[in-house]
Amino acid sequence: MDNKEVLQKMLLIRRMEQKIESLFSQGLLRGTTHCCIGEEAVPVALSYLIDIEKDYLCSGHRAHGLSMMVTGKPEMLLGEIMGKPFGMAKGLGGSQHVYYKNYFTNGITGGMVPVSAGIAFALKHDGTDAIATVVFGDGAMNEGYVLESLNLAKAYRLPMLLILENNGYAMSTPIETVNPYSVFEDRVKGFDLPYHRVQADNFDNLFSTLQNAVNAVRTEREPQFVEVVTHRFCGHSKSDKRAYIPRERDDYWHEHDCLKQVAEKLTPQEVEQIEAQVQQRVEQVYQYCLNN
Amino acid sequence: MNTYKESLIDGLNTLLADPKVFLLGEDVEEPYGGAYTITKGMSTRFPGKVLNTPMSEQGFTGMGVGMALAGYKPIIEIMFGDFSTLIMDQILNHASKFVEGFEKELHLVVRDPMGGYRGYGATHSQSLEKLFVGLPHIAVISPSVLHEPGELLVKAMNLGVPVIFAENKLDYTRKMFRAEKIAETFEIKYHGGDLPIAEAGFPDETPELTLISYGGLIHPLLQMMYDLYMEEEVAVRLLDISSLSPMDFDLIHSLVENDNKVFTVEEGHIPFGIGDGIISHLAQRGMKCRFRSIGASQHIIGTSREAEALALPQIDDIKKLILKSVESDG
């Protein structure tokens with residue numbers, strides 16, 4: 001794996017998200033948005049593991065990172081949010097409802113989990129090694145049909161990878177105040193699903209955990225569940241001031257920022273160069289979207 | 001096919017021969033074969049294609065949506081139409097959005113048995129078609145003893161949008177109308193395309209009133225029309241709509257524009273029912289007419305005969321309303 005490329009991808013997501021937040025705060029964009037600042041690692045890892053021509057990938061409202069990684073064209077995401085015809089859903093979907101080849105997102109919390117189970121059912125009967133992956137948050141872990149889907153995945157032995165990005169908060173509500181625990185290991189194991197947990201700060205760990213899970217689903221044609229413990233440095237949506245997040249938690253995650261550990265493997269000059277390239281790219285993307 | 005059930009089974013067998021078609025639902029496999037034994041034998045005939053589900057209507061309907069998104073053609077069986085409240089999110093907030101938002105044809109049929117008059121009570125007797133009509137990219141199709149359920153089922157699967165296929169539980173026990181003895185007295189015509197409107201009337205008679213209805217009430221309404229004609233010499237005609245949504249209001253208007261009495265009849269609750277929507281469209285087209293919508297009253301559907309009769313429209317009452325209207329010219 002090329003660490004420069006990993007950092008470049010992570011940084012592209014972060015700087016694009018910051019640009020999107022800034023455009024919203026200036027009142028230049030319509031609607032709402034859910035950024036993934038701090039949660040860049042999973043989309044970047046999946047960009048190396050999923051072949052969107054044959055595999056399927058689904059997610060929910062917080063999917064800008066995945067959208068940019070799957071298309072490789074941030075213009076298609078920003079253009080979509082700006083309502084442009086070249087956007088991922090031709091301007092019909094905005095931030096939450098986009099698609100590209102076998103990649104689909106929707107705005108209902110957890111709703112793509114049963115949909116992905118159905119896709120996995122189809123892929124199993126196709127007889128190929130393609131897999132269905134679905135990425136969702138800790139809030140979704142309390143939607144009834146998500147829990148139904150965990151059972152369905154196991155009951156029908158579906159080739160699906162379930163990735164829970166646990167950022168500690170369902171919007172503003174801390175996990176532990178509405179659940180008996182702050183990670184979902186016991187619940188997932190209760191469905192007899194293979195469960196793996198990894199923290200998002202160490203990209204190599206995260207990547208190998210996801211890689212093993214992807215390979216297991218591909219070859220065994222049965223489900224795997226990965227819980228990624230992560231953190232969101234931005235608000236849930238554009239108007240959220242994050243009053244519910246204690247400073248100590250932010251401090252911890254600034255120390256454990258997924259970008260930081262990748263950057264530490266590179267020279268300061270390399271990091272600077274990547275930063276400059278990404279800044280330039282973000283500005284090009286914005287100008288393209290403005291002028292087309 | 002002579003019976004509604006035979007026709008439905010024939011349609012399912014036709015669909016299941018397609019390698020992309022699967023049927024998922026509660027208790028559909030052998031030896032049970034579904035709550036109404038519609039799928040009896042099918043899990044043996046089509047191994048691996050007719051599958052029992054856990055009691056997770058939202059989850060397995062969502063699976064159906066995903067299967068359709070991946071190019072498969074799932075049939076989802078909901079045991080009682082009442083339980084289709086549970087699937088609304090997957091049908092409305094997922095499947096219907098994908099049709100336009102993702103530019104995807106979705107081949108997905110939800111078999112959804114509606115209807116009461118069996119003493120099954122408030123949560124096993126409702127007709128909830130009205131919850132699904134009028135919404136973009138959701139079709140609501142209703143077979144009857146005039147509309148072959150098997151043929152409609154195959155057509156429904158080809159529509160490319162999620163379909164609520166509103167069967168009626170009492171119809172499972174009935175003959176198709178043309179196999180009934182009284183059928184020869186009637187003249188039946190079909191108007192429109194693949195999902196037509198059936199017109200039932202009496203040859204060489206000008207009807208005094210037009211009924212518009214669908215589904216499980218068609219059978220008893222035809223019997224009532226026969227009785228009115230034979231006993232009272234009152235000729236009524238009936239329009240039986242097979243596609244409740246989208247609905248061909250232009251065709252309905254063209255069929256009734258010269259009428260002066262139009263009553264709609266449904267098992268579902270009114271106001272804000274299917275018939276109210278039809279009457280609204282006819283009125284908006286400037287039609288001047290004695291309109292009346294008949295449906296379930298604002299009560300839950302109780303289990304006792306009396307309680308059920310308080311809620312569900314009763315054929316004798318409809319007959320009296322028609323006679324009164326015809327006699328008083330009001």
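**Walking through the two chains**

Mentor: Chain A has twelve helices and nine strands. Keep in mind that this is a predicted model.

Trainee: What radius of gyration does chain A have, and what would a compact globule have?
Mentor: Chain A comes out at 18 Å. A compact globule with 292 residues would have a radius of gyration near 19 Å, so the value agrees. The C-alpha trace of chain A spans about 50 × 45 × 35 Å along its principal axes.

Trainee: And how much of chain A counts as buried?
Mentor: 54% of its 292 residues. Also, if you take the contacts in chain A with a separation of 6 or more, residues 24 or more positions apart account for 74% of them.

Trainee: OK, over to chain B. What's the strand order in that six-stranded open sheet?
Mentor: The order is 7-8-10-9-12-13 in chain B, with mixed pairing.

Trainee: Which strands stand at the edges?
Mentor: Strand 7 (187-191) and strand 13 (290-296) of chain B. Each has a single partner strand, so one side of each is left without a neighbour in the sheet. From one strand to the next, the twist averages 20°.

Trainee: Where does the mix of directions show up?
Mentor: Look at strand 10 of chain B. Strand 8 of chain B pairs with strand 10 of chain B in the antiparallel sense, over four bridges. One pair to find is B:Ala200, whose bridge partner in strand 10 of chain B is B:Leu238. Strand 9 of chain B, by contrast, runs parallel to strand 10 of chain B, and five bridges join them. There B:Leu209 stands opposite B:Val236.

Trainee: How does the chain cross from strand 9 of chain B to strand 10 of chain B?
Mentor: Through helix 6 of chain B, in a right-handed β-α-β crossover.

Trainee: And what joins strand 9 to strand 12 of chain B?
Mentor: Three bridges, with strand 9 (residues 209-213) and strand 12 (residues 261-269) of chain B running parallel. B:Thr210 stands opposite B:Val262 in strand 12 of chain B.

Trainee: Which strands does helix 6 of chain B lie across?
Mentor: Helix 6 (residues 218-232) of chain B lies across strand 8 (197-201), strand 9, strand 10 (236-241) and strand 12 of chain B. It runs at about 170° to strand 10 of chain B. Helix 7 (residues 249-256) of chain B packs on the sheet too, touching strands that include strand 7 and strand 8 of chain B. The direction of helix 7 makes about 20° with that of strand 8 of chain B.

Trainee: Is strand 10 of chain B buried or exposed?
Mentor: Mostly covered: six of its six residues are buried. B:Val236, B:Leu238 and B:Asp240 point one way, B:Arg237, B:Leu239 and B:Ile241 the other way.

Trainee: New topic: how do helix 1 and helix 5 of chain B cross?
Mentor: The axes of helix 1 (residues 4-16) and helix 5 (residues 149-157) of chain B come within 6 Å and cross at roughly 35°. The residues that meet include B:Leu8 and B:Leu12 from helix 1 of chain B, and B:Leu153 and B:Val154 from helix 5 of chain B. By class, this contact has eight nonpolar, four polar and two charged residues.

Trainee: What about phi of B:Glu103 and B:Tyr117?
Mentor: B:Glu103 has phi near 50°, and B:Tyr117 has phi near 65°. Most residues other than glycine have a negative phi. B:Glu103 counts as exposed, with 11 C-beta neighbours inside 10 Å, whereas B:Tyr117 is buried, with 21 other C-beta atoms within 10 Å.

Note on methods
Residues numbered from 1 in each chain as written. Chains lettered and ligands numbered in written order. Predicted model: local features only at pLDDT ≥ 70, side-chain atom pairs only at ≥ 80, totals over all residues. Helix = DSSP H or I, 4+ residues; strand = E, 2+ residues; numbered from the N terminus. Rg over C-alpha atoms; globule rule 2.2 N^0.38 Å. Buried ≥ 20, exposed ≤ 12 C-beta atoms within 10 Å, placed from the backbone. Contact = placed C-beta atoms within 7 Å. Pairing = 2+ DSSP bridges. Axes fitted to C-alpha atoms, helices over the stretch in contact; angles between N-to-C directions. Right-handed = clockwise from strand over helix to strand, strands pointing away. Nonpolar A, V, L, I, M, F, W, Y, C, P; charged D, E, K, R; others polar.
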